[in-house]
Amino acid sequence: MDWDDMRIFLAVARADSLSGAGRRLGIDASTVGRRVARLEAALGAKLFLKTPQGYALAPEGERLLPHAEAAEQALSGAEDALSGPGDLSGQWRIGAPDGCANYLLPQVCARICESHPALEIQIVALPRVFNLSRREADIAIAVSQPQAGRQVVQRLTDYRLHLAAHEDYLRAHPPIRDLDDLRGHRLIGYIADMIFDRELDYLAETGAEWAQLTSNSVSVQMQAIRAGAGLGIVHDFAIPFCPGVRRVLTDQVSLTRSFWLIRHADDRRSQRMNRLSDALAQGIRAEVARLQARVAP
């Protein structure tokens with residue numbers, strides 16, 4: 001049995017499709033299909049069932065899955081054993097909400113890669129929760145602590161959010177002295193039915209019932225604020241990237257949230273994963289502190 005075929009089997013099992021597995025592996029879907037067929041022929045068993053939703057594991061595939069995952073862990077352990085005590089190498093995928101992915105991870109990961117030239121990091125910015133069991137990411141950063149699943153969870157750092165607007169908007173509209181004054185202003189926020197985590201329901205804490213300009217992306221919201229479209233809740237660590245954006249009502253609207261680093265429980269034995277997680281944790285803490293310190297009172 002070829003381990004590379006087993007690797008492809010795992011990718012299809014996690015992606016539910018040949019095309020999704022191919023994108024993760026960097027090969028085309030037809031090649032994935034041929035390799036799955038070759039593995040099935042070698043084992044004399046049907047591993048997948050094609051359904052309208054994609055590729056589902058057949059009973060034989062379900063029985064094979066834990067053995068394939070164990071082989072994957074063993075291979076990772078062998079790489080750990082052969083790597084130097086401080087070395088980081090290989091390809092790692094980090095999933096994060098787009099605020100963290102846009103304003104923190106680029107600088108943090110750049111510094112990590114500079115210290116470890118053999119390391120390849122993929123940053124996936126998505127406004128949703130990542131499924132580590134399906135290996136959508138090797139490491140996930142979340143805005144709330146997960147309550148279920150076989151996961152290793154580490155609190156990274158707290159961060160602050162405030163109501164803000166561009167100075168051009170503030171000059172062109174009535175002054176904002178207290179929360180009641182917000183009624184006369186356009187608010188920017190999340191699309192209500194696309195808020196994937198209750199910790200992101202920021203506007204509810206201002207007493208606002210709804211926002212007139214909305215997006216599922218923090219970065220889009222910030223760019224709308226930067227364009228003078230209205231006021232919204234923003235991460236303090238994002239403000240240094242947006243000249244002209246100023247906080248308002250800081251004594252009345254001040255939110256604190258936390259970032260959590262999450263890994264699959266099986267990965268706790270991987271020394272390379274532990275080292276990368278430690279580097280990310282230290283880097284994110286330092287970057288949040290650095291950027292928040294640059295925000296004018």
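Phe-9, Phe-48 and Tyr-55 are joined into a cluster by ring pairs. Rings here means those of Phe, Tyr and Trp (its six-membered ring), paired if their centres lie within 6.5 Å; planes under 30 degrees apart are stacked, over 60 edge-to-face, and the rest tilted.

A quick note on the model: it's predicted, so local features need pLDDT of at least 70 and side-chain atom pairs count only at pLDDT 80 or more, while totals for chains, interfaces and linings use all residues. Residues are numbered from 1 along each chain as its sequence is written, and side-chain values use heavy atoms, leaving out hydrogens and water.

Searching the whole structure turns up 7 aromatic pairs. Here are two of them:

| Pair | Centre to centre | Between planes | Type |
|---|---|---|---|
| Phe-48 and Tyr-55 | 6.3 Å | 75° | edge-to-face |
| Phe-237 and Phe-259 | 6.0 Å | 40° | tilted |

Phe-237 comes in at 0%, Phe-259 at 1% and Phe-48 at 3%, so Phe-48 counts as buried.

Zooming out, 48% of the chain's 297 residues are buried. The chain has 9 helices and 11 strands (DSSP runs numbered from the N terminus: helices are H or I, at least four residues; strands are E, at least two).

Key. Buried means under 20% relative accessible area, exposed over 50%, partly exposed in between (1.4 Å probe, protein chains only).
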